[in-house]
Every structure is written in C-alpha cells, then in structure tokens.
Amino acid sequence: MDTTSSAMARTLHLLAKHPDIQETLRQELRTAADEAEDADIPYETLISLPYLDAVCRETLRLHPPVPFTMRVAQQDTVISLSKPVTGRDGSRMQEIPITRGTHIFIPITTSNTNPDLWLEDAREWKPERWLSPLPETLLSARVPGVYSHLMTFIAGNRACIGFTMAQLEMKVVLSVLIQSLSFAPALRDSEIFWQMNTVVAPVVGKNPHPELPLIVTPVCADTG
Ligand code: HEM
C-alpha cells in the first residue's frame with residue numbers, strides 16, 4: 001500500500017465511524033458542485049473548501065501514513081530539548097550530545113499528537129480544530145515540518161516532494177466518492193487492525209494482506 005492510498009483508506013474509515021462529519025462534508029461538497037458551472041468542482045474551489053481541507057489535515061495529523069523514520073547524523077551536534085529528560089543514571093538533561101554516525105529515530109506521530117503543543121484533545125480526530133486559530137503552544141514551538149506544523153511529510157532538504165499532490169489526490173477522490181456514496185463500518189470492523197509497516201496499512205484478522213471492509217451505499221442527491 002502506498003502513502004496516499006493509506007491516507008485515503010484511513011480517511012474513509014474515520015468518516016464511516018463519524019457519520020455526522022461525513023454528512024457535513026457531503027453537504028459542503030454538494031453545495032460546491034451545485035454552484036459549479038461544469039460537472040466537476042473547479043480546482044480553485046476544491047482546494048479551498050474549508051471542511052474538506054480540515055478532514056484531510058486532521059487525518060494526516062493524527063494518522064500519518066509514515067508514522068516514523070530514521071536519520072543518521074552527518075556531524076557531531078547537540079540537540080536542545082524543550083523540556084528536560086532523566087537519563088539512566090538519574091541525571092537531568094536539557095540537551096543531548098549526538099556524535100557523527102548516530103542513528104536517530106524520528107517519531108512523526110508523537111510530534112503530531114504532542115499534547116504540549118496540540119493541547120489535551122491532541123489524540124482525538126477533530127477536523128473542526130482546523131477551522132479555529134491553532135493553539136499558541138503549537139505556533140510558538142515552530143515545528144520544522146514542511147506542511148502545516150506537522151511532521152507527516154517530514155522536514156528539511158529530504159522532505160516529501162509530493163505533499164501538494166497527495167492532498168490534491170485525497171481531495172479529488174473524496175469529493176467524488178462522498179457526494180454519491182455513504183460509508184459505514186462493516187460487521188467485521190472490530191477485526192480491522194492498522195499494521196505499522198513502513199507505510200501503515202489496514203488488515204483484517206490474521207490476513208496479512210491489506211484490506212478495509214466498509215459498507216458502501218449510494219446516496220441520492222436530494223437525501224441526506
Ligand atoms: C499522504 C501521502 C504522502 C505521505 C504521508 C508522504 C510522506 C513522506 C515522507 C515521511 C517522506 C520522507 C521519508 C524519509 O526520508 O524517511 C517522503 C519522501 C518522499 N516522498 Fe512522500 N509522501 C506522500 C505522498 C507522496 C507523493 C504523492 C509523492 C510523489 C508524487 C511523494 C514523493 C516523495 C519522494 C520523491 C520522497 C523522497 C524525497 C527525498 O528523499 O529527497 N510522496 N514522503
């Protein structure tokens with residue numbers, strides 16, 4: 001499973017579990033489609049629909065398809081910490097010296113869901129958080145990620161080059177699917193497990209191959 005399809009699968013699963021959010025999104029998309037002169041929602045409108053954008057951002061925040069990655073220090077350095085940690089010998093450290101060649105684990109999900117930055121509801125899926133000003137604790141932390149205070153697409157010279165395209169893909173696919181189809185959890189929903197591969201993928205029970213059962217029903221244009 002690739003990164004964007006992992007994000008899409010997670011978004012559809014969350015929308016299936018949150019029918020109220022799914023319906024709000026459907027109404028936003030249908031209104032935009034009704035106002036469009038062509039059959040499709042124009043690009044400029046699609047990328048600026050606030051609720052669609054919030055749903056995508058919130059999924060990419062809480063469930064980054066690449067949950068962690070590694071880097072190797074190319075030179076000796078010192079990492080400053082925002083709050084002290086206690087070492088094995090009991091000493092309190094405010095910074096960590098790193099020698100060249102050290103492998104560094106980068107916990108993307110942990111940064112994206114840090115309650116010190118995102119406040120106490122950091123581990124909840126709440127698209128509406130993106131419709132209000134973001135917390136000052138987050139803004140002042142200056143997370144280095146290339147996208148939206150998140151580490152989802154990592155940071156620096158080797159950051160993801162495809163993050164704008166990934167969001168566009170998500171928005172195009174969601175706009176088509178959610179307008180005309182309703183998604184609900186399948187009977188086997190409790191057996192779905194999100195496997196922490198390099199790219200997170202849904203599996204069911206003991207079957208190692210990715211699959212995501214959902215109940216999909218057509219919805220008419222004039223019904224909710
Ligand atoms: C939701 C979708 C995506 C996510 C979450 C994602 C995430 C990431 C992450 C975390 C990295 C850094 C990996 C590492 O160095 O350890 C990366 C690198 C990369 N991504 Fe993405 N990506 C996504 C979609 C895409 C798309 C659609 C493309 C291309 C159209 C793309 C192209 C690349 C490339 C070429 C790199 C390597 C950059 C380099 O090493 O200089 N990605 N991506």
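Helices (H or I, at least four residues) and strands (E, at least two) are DSSP runs here, numbered from the N terminus. By that count the protein has eight helices and eight strands. What you're looking at is a predicted model, where local features need pLDDT of at least 70 and side-chain atom pairs count only at pLDDT 80 or more, while totals for chains, interfaces and linings use all residues. Residues are numbered from 1 along each chain as its sequence is written, and side-chain values use heavy atoms, with hydrogens and water left out.

**Zoom out first.** The C-alpha trace spans about 65 × 40 × 30 Å along its principal axes. Of the 224 residues, 40% are buried (under 20% relative accessible area, with exposed over 50% and partly exposed in between; 1.4 Å probe, protein chains only).

**Now select 50–62.** That's helix H4, with 13 residues. From first C-alpha to last it reaches 18 Å, close to the 18 Å expected (1.5 Å times one less than its number of residues). Twelve of its 13 residues are buried, among them Tyr51, Leu52, Cys56 and Leu62. What do the buried residues of H4 pack against? Show helices H1 (3–17), H2 (19–35), H3 (43–47), H5 (108–112), H6 (115–118) and H8 (163–180), and you have their partners.

**Next, the greasy part.** A nonpolar core is a set of buried Ala, Val, Leu, Ile, Met, Phe, Trp, Tyr and Cys residues joined through side-chain atoms within 4.5 Å. The largest one holds 43 residues, and Leu15, Leu25, Leu52, Trp118, Leu174 and Ile178 touch the most other members. H1, H2, H4, H6 and H8 each supply at least two residues of this core, and H4 gives the most, with seven.

Click on Leu174. Leaving aside neighbours within four places in sequence, its contacts (heavy atoms within 4.5 Å) include Met8, Leu15, Leu52 and Cys56. A second, separate core of five residues includes Ala9, Ile192, Val200 and Val204.

**Last stop: the ligand.** Which residue gives the iron atom its protein donor? Pick Cys160: its SG is the single donor from the protein, 2.3 Å away (donors are N, O and S atoms within 2.8 Å of the metal, or 3.2 Å for Na, K and Ca; water is not among the atoms, so sites may look incomplete). Cys160 lies in the loop between helix H7 (136–141) and H8. Finish with Arg158, whose side chain has a polar atom 2.7 Å from a ligand oxygen atom.

How values were computed: A polar contact is a pair of N or O atoms within 3.5 Å; within protein, one must be able to donate a hydrogen and the other to accept it, and residues adjacent in sequence count only if both atoms are side-chain atoms.
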